[in-house]
Amino acid sequence: RLVNAYKTRNRAKAVEAFQKAQFQQSARLFKDFLESTPETELRPKALYWLGESYIHLKDYDKAVLSLQEVADRYPKSDVAPRALLSQAEAFSYARDPKSAETVLKKIVDRYPASEEAAMAERRLRNMEFSSPPKSDKGPAPEKEKEKAKAQRTATVVADAIYLRAGPSSSARQVLWVLRGTVLVVSDEATDPSGAKWLKVKTKAGKEGWVGEKMVRVQEEREER
């Protein structure tokens, strides 16, 4: 029991380190937890958070391997579709769009009713739209080029956070959002301590501010 309690505390410390954006430490702690823990229901989640830590450290090869283990060994886990979505992001950051596309299609095929499948389908549409048209007629007209516009999105990577009324940790809490929520970024600001904040909007139109370290920002393209 003492050994199990010790391992549970170590995992809690790893989660806390991730939430504080201490990704070197969270990667080390999640790795230690996995190496010392046999098969338990906590293992797929630990592998997922290890992969997320590697993404933030820009170690995309390790991220891909960790997230692939979730998909291969724990396909029925509730984090499996999320792990594949993060793996697709890792491939995108590593400038491997073909692999990213393959993984996104895999999500739609394996988990068609999941929220991640809907997100994967949207990203696949964006990828298709941003691909250059196959034509021998020269460049597209300017109006066609303008059909796509850049949109920054921010995916919540902490377990749950509050959006705030202003760019400060002391500002009023306005909305509770869960990990995986995708927000649209409309503005940014820096608080007196030098921390960067993003003004975001939910799908329902609710606005607020979130610390940049609590989300992963990605630029997408959408059709007007």
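Predicted model: local features only at pLDDT ≥ 70, side-chain atom pairs only at ≥ 80, totals over all residues.
Y60 is buried, with a relative accessible area of 17%. That value falls under the 20% limit, so the residue counts as buried.

**How α3 meets α4**

Two packed helices are described by the angle between their axes and the distance between the axes. For helix α3 (residues 43-56) and helix α4 (residues 60-73), the axes come within 8 Å and cross at roughly 160 degrees. Angles over 145 degrees count as roughly antiparallel, and α3 and α4 are therefore roughly antiparallel to each other. The crossing of α3 past α4 is left-handed. On the α3 side, the contact includes R43, P44, L47 and Y48, while Y60, K62, A63 and S66 are among the residues of α4 that they meet. By class, this contact has 10 nonpolar, 2 polar and 4 charged residues.

**How α3 meets α5**

The axes of α3 and α5 are 10 Å apart, and the helices pack at an angle of about 20 degrees. An angle under 35 degrees counts as roughly parallel, so α3 and α5 are roughly parallel to each other. Here too the crossing is left-handed. From α3 come Y48, E52 and I55, and from α5 come R82, A83, S86, A90 and Y93. These residues divide into 5 nonpolar, 1 polar and 2 charged.

**Rings that pair up**

How many aromatic pairs are there? The count comes to 5. Two of these pairs are set out here.

| Ring pair | Centres apart | Angle between planes | Kind |
|---|---|---|---|
| F18 and W49 | 4.8 Å | 65 degrees | edge-to-face |
| Y60 and Y93 | 5.8 Å | 40 degrees | tilted |

F18 sits in helix α1 (residues 2-19) and W49 in helix α3, so their pair ties together parts that are 31 residues apart in sequence. Is F18 buried or exposed? With 3% relative accessibility, F18 counts as buried, and W49, at 6%, counts as buried too. Ring pairs also link F18, F23, Y48 and W49 into a cluster.

That brings us back to Y60. Y60 is buried, whereas Y93, at 25% relative accessibility, counts as partly exposed.

Methods
Residues numbered from 1 in each chain as written. Heavy atoms only, no water. Axes fitted to C-alpha atoms, helices over the stretch in contact; angles between N-to-C directions. Helix = DSSP H or I, 4+ residues; strand = E, 2+ residues; numbered from the N terminus. Parallel < 35°, antiparallel > 145°, perpendicular 65-115°, else oblique. Left-handed = near helix turned anticlockwise from the far one by under 90°. Contact = heavy atoms within 4.5 Å. Nonpolar A, V, L, I, M, F, W, Y, C, P; charged D, E, K, R; others polar. Phe/Tyr/Trp six-rings, centres within 6.5 Å; stacked < 30°, edge-to-face > 60°. Buried < 20%, exposed > 50% of the residue type's maximum accessible area, 1.4 Å probe, protein only.
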